[in-house]
Amino acid sequence: MKTGDIVFHQEYGLGKIKFVDDPTILVYYYKENPLLHNGGIGPNFHYWWSYAEDLKPVSSIRVLIERKRNGIR
C-alpha cells in the first residue's frame, strides 16, 4: 500500500492513505467519527494511524458501488 490508495477498515470505513511510516499508515477516513483524531491537533475526527493488516485495498469505485447495492459493508 502507498500514499493515495483507497482502503477499507472494518471499524472506520473507507479512507485514503495520507502517509506511510512502517509499520503504521496514516489514513484519512471519509466519515467523521469521534473515535478518530488527527494526532491531537484540533477537532478533526477523520485521521487515524492503522496497521496494514487492518486495511483492505479497494480496487475501484465500481467495486464500492456493487458492495453498496448488495448491502455488503
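Predicted model: local features only at pLDDT ≥ 70, side-chain atom pairs only at ≥ 80, totals over all residues.

Analyst: Five strands form an open sheet in the order β4-β3-β2-β1-β5, with antiparallel pairing. β4 and β5 (55–57) stand at the edges with a single partner strand each, so one side of each has no neighbour in the sheet. From one strand to the next, the twist averages 45°. Strands here are DSSP runs of E, at least two residues long, and helices are runs of H or I, at least four long; both are numbered from the N terminus. Two strands count as paired if DSSP finds at least two bridges between them.

Residues are numbered from 1 along each chain as its sequence is written, and side-chain values use heavy atoms, with hydrogens and water left out.

Now for the part to look at closely: β3. This strand covers residues 24–29, and five of its six residues are buried. Buried means under 20% relative accessible area, exposed over 50%, and partly exposed in between (1.4 Å probe, protein chains only).

Take the β2 side. Strand β2 (residues 13–21) pairs with β3 in the antiparallel sense over six bridges. A hairpin of two residues links β2 to β3. Leucine 26 in β3 is the bridge partner of phenylalanine 19.

Then the β4 side. β3 pairs with strand β4 (residues 47–51), also antiparallel, over five bridges. Here valine 27 stands opposite tryptophan 48 in β4.

Next, the core. The largest nonpolar core has eight residues: Val7, Tyr12, Ile17, Ile25, Val27, Tyr29, Leu36 and Leu55. β3 gives the most to this core, with three residues. Such a core is a set of buried Ala, Val, Leu, Ile, Met, Phe, Trp, Tyr and Cys residues joined through side-chain atoms within 4.5 Å. In soluble globular proteins, nonpolar side chains tend to be buried together.

Isoleucine 25 shows the reach. Leaving aside neighbours within four places in sequence, isoleucine 25 contacts residues including Met1, Ile17, Phe19, Trp48 and Leu55. Contact means heavy atoms within 4.5 Å.

Last, the whole chain. The protein chain has one helix and five strands, in the pattern β-β-β-β-β-α along the sequence. Buried residues make up 26% of its 73 residues.

Key. Axes fitted to C-alpha atoms, helices over the stretch in contact; angles between N-to-C directions.
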